[in-house]
Amino acid sequence: MVDVAIIGVGLHPFGRFGDKSAIDMGADAVRAALTDAGIAWPQVQFGFGGSFEVDNPDAVTSRLGLTGIPFMDVYNGCATAATALQLTADSIRSGQYDIGVAVGMDKHGHGAFTSDPVDYGAPPWYGEIGHFLTTKFFAMKINRYMHDHGISHETLARVAAKGYRNGVLNPNALRRKAISEADILSSRMLNYPLTQYMFCSPDEGAAAVILCRADIAKEYTPTPIYLRATTLRT
């Protein structure tokens, strides 16, 4: 098994972009990652792409160039991007490839997700009584977590406030205004114990990384990021 390094990172900003498709945003993210890595698209030997909204993320190759590489589509809920990253890294670790790309892209509409619970292994009534609305779904989960681990409402507000502060520093972020812990706690209660400003908003954007064998990473960048491990829990 060989070590793996990230040699290029690319982001399409997150927000609202009118008629621009998720595929086009994904292509922009890959181009930015290629530029960061100092390589051209034909040097990429394979890819993994993921999305909630896009059935065929592999169509990004039509924007980048039909070089004939294998490009596999991934969907794994909120872990889709991490799964694409892990599969790309594992493909390189196995010795099958030297350089690959992992990319995630989405174009969510406004509001909470409204998927059919039957598609996720839950009965129809689970949605009919409102349990499958994302705000309530995550509120039930955090209620249990707070009960099991003694987490306070103030802790939830601190976590959210940290996210808003980080957004101020990132020109690609959707939300770029800091919000205080007090304002987060006093904002409208949506699903107890989560208030309006404790939720992230579905939006649009894309991200991509170029990975390669660690032993050749410094041929492309003097500061590779070594991917020591990835893990997933279901």
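Me: In which helix is the place of Thr 80?
Reply: This is a predicted model. The helix in question covers residues 80-93. Thr 80 has its place in helix H3.

Me: Is Thr 80 buried or exposed?
Reply: Buried means under 20% relative accessible area. Thr 80 has a relative accessible area of 7%. Therefore Thr 80 counts as buried.

Me: Which backbone oxygen does the side chain of Thr 80 reach?
Reply: Thr 80 is in contact with Gly 50, Ser 51, Val 74 and Tyr 75, leaving aside neighbours within four places in sequence. Its side chain also reaches a backbone oxygen at 2.6 Å. That oxygen belongs to Gly 77.

Me: Where do the buried residues of H6 fall, seen down the axis of H6?
Reply: The buried residues of H6 are Leu 156, Ala 157, Ala 160, Ala 161, Tyr 164 and Gly 167. Seen down the axis, they fall within an arc of 130 degrees, so they line one face of the helix.

Me: What do the buried residues of H6 pack against?
Reply: The face turned away from the buried side carries exposed Val 159 and Leu 169. The buried residues of H6 pack against helix H5, helix H7 and strand E6.

Me: How many residues apart in sequence are the parts that Arg 228 and Asp 3 tie together?
Reply: Arg 228 forms a salt bridge with Asp 3, with the closest N and O atoms 3.9 Å apart. Arg 228 lies after strand E8 and Asp 3 before strand E1, so the pair ties together parts that are 225 residues apart in sequence.

Methods
Residues are numbered from 1 along each chain as its sequence is written. This is a predicted model: local features need pLDDT of at least 70, side-chain atom pairs count only at pLDDT 80 or more; totals for chains, interfaces and linings use all residues. Side-chain values use heavy atoms; hydrogens and water are left out. Buried means under 20% relative accessible area, exposed over 50%, partly exposed in between (1.4 Å probe, protein chains only). Helices (H or I, at least four residues) and strands (E, at least two) are DSSP runs, numbered from the N terminus. The arc is that of the directions from the helix axis to the C-beta atoms. Contact means heavy atoms within 4.5 Å. A polar contact is a pair of N or O atoms within 3.5 Å; within protein, one must be able to donate a hydrogen and the other to accept it, and residues adjacent in sequence count only if both atoms are side-chain atoms. A salt bridge is a side-chain nitrogen of Lys or Arg within 4 Å of a carboxyl oxygen of Asp or Glu.
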